[in-house]
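Open the model in your viewer and keep the sequence panel beside it. Each stop below gives a selection and then what is there.

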Amino acid sequence: MSQLCRVLAVSRTGYCQWRVRTPSARVQANEALDCQVAAIHAASRGSYGRPRIARQLRAQGQAVGGERVRRSLQRQGLRPVYRRSYVVTTDSSHRLPVADNLLDRRFEGWQANRAWVADITYVATGEGWLYLAAVMDLASRSIVGWSMAETMDAQLVCTALKSAVWLRLPPPGLLVHTDRGGQGGFNRSSQHRVEPLILGRH
């Protein structure tokens, strides 16, 4: 113990007094608060952060500020887990014409600019959802065209497809395959926009 005290630069007498000393009122209050904060955090399945935990504690009659809750969370290594809402990007319940499934899950063995696949995804930003449409060449697995917009409509995917056509200049007979979502705009009625292409949907 003497060697440990020398390493920590504390006196042996002070260490012995600290071991038998009753925790201060502040330490006891912090320990009690930590238990309450941890319980609320666990009950929310980790989704509550400082503001909501502080509000719940005040609703329970605890006079506690947000800064004390923040320090409690920090002491315990607790952080809120934010669960973003799920955004549906494929709407198959439409009455638009659906082309035949010409790709038929043949994802290998293609030459460049002979088969493309396209889809829509979404990116969460500080200002809301941003939608991304991308076109991939099955030969190289590289993105050959893309577009982004705040709304998910036919213009989004048509812009992505047109950018791919302008960039790669594919020969006649190119197969473009997407899912059955009506918002994608890849249906028989849009075929004239990207001729000469064969549009296939599953």
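A salt bridge here is a side-chain nitrogen of Lys or Arg within 4 Å of a carboxyl oxygen of Asp or Glu. Keep that cut-off at hand for several stops. The model is predicted, so local features need pLDDT of at least 70 and side-chain atom pairs count only at pLDDT 80 or more, while totals for chains, interfaces and linings use all residues. Residues are numbered from 1 along each chain as its sequence is written, and side-chain values use heavy atoms, with hydrogens and water left out.

**Whole chain**

Start in cartoon view. The chain has 6 helices and 5 strands. Helices (H or I, at least four residues) and strands (E, at least two) are DSSP runs, numbered from the N terminus. Trace them from that end: the order is α-α-α-α-α-β-β-β-α-β-β.

Now colour by accessibility. Buried means under 20% relative accessible area, exposed means over 50%, and partly exposed lies in between (1.4 Å probe, protein chains only). Of the 202 residues, 31% count as buried.

Contact means heavy atoms within 4.5 Å. Among contacts in the chain with a separation of 6 or more, 56% come from residues 24 or more positions apart.

**R168 and D137**

Select R168 and D137. They form a salt bridge, with the closest N and O atoms 3.6 Å apart. The pair joins distant parts of the chain: R168 sits in helix α6 (residues 154-168), D137 in strand β2 (residues 128-137), and 31 residues separate them. Which partner is buried? D137 is, at 0% relative accessible area. R168 is partly exposed at 26%.

By the same rule, the count comes to 5 salt bridges.

**D34 and R75**

Next, select D34 and R75. Their side chains meet in a salt bridge at 2.7 Å, N to O. This pair also links distant parts of the chain, with D34 in helix α3 and R75 in helix α5 (residues 66-76), 41 residues apart. D34 is buried, with a relative accessible area of 15%. R75 is partly exposed at 43%.

**Helices α3 and α5**

Two packed helices are described by the angle between their axes and the distance between the axes. How do α3 and α5 cross? Their axes come within 9 Å and cross at roughly 80 degrees. Axes are lines fitted to C-alpha atoms, for helices over the stretch in contact, and angles run from 0 to 180 degrees between N-to-C directions. The two helices are therefore roughly perpendicular, a label given to angles of 65 to 115 degrees.

From α3, take R26, A29, N30, L33, D34, V37, A38 and H41; from α5, take R68, R71, S72, L73, R75 and Q76. These residues divide into 5 nonpolar, 4 polar and 5 charged. Ala, Val, Leu, Ile, Met, Phe, Trp, Tyr, Cys and Pro count as nonpolar; Asp, Glu, Lys and Arg as charged; the others, Gly among them, as polar.

E31 is partly exposed at 47% relative accessibility. Draw a C-alpha to C-alpha distance from E31 to S72: they are 8.8 Å apart in space and 41 residues apart in sequence.

**Along α5**

Select E67, R70 and R71. A network of salt bridges links them. Within it, the side chains of E67 and R71 meet at 3.6 Å, N to O. Being 4 residues apart in helix α5, E67 and R71 are separated by about one helical turn. E67 is partly exposed at 40%. R71 is partly exposed too, at 32%.

**S47**

Move to the loop between α3 (25-43) and α4 (50-59), where S47 is found. Which backbone oxygen does the side chain of S47 reach? That of S44, at 2.7 Å. S47 is buried, with a relative accessible area of 18%.

**Two positive phi values**

Most residues other than glycine have a negative phi. Select R141, in the loop between β2 and β3 (142-149). Its phi is positive, near 60 degrees. R141 is partly exposed at 38%.

Finish at L169, in the loop between α6 and β4 (174-178). The phi of L169 is positive as well, near 50 degrees. L169 counts as exposed, at 67% relative accessibility.

How values were computed. A polar contact is a pair of N or O atoms within 3.5 Å; within protein, one must be able to donate a hydrogen and the other to accept it, and residues adjacent in sequence count only if both atoms are side-chain atoms. Angles under 35 degrees count as roughly parallel, over 145 as roughly antiparallel, 65 to 115 as roughly perpendicular and the rest as oblique.
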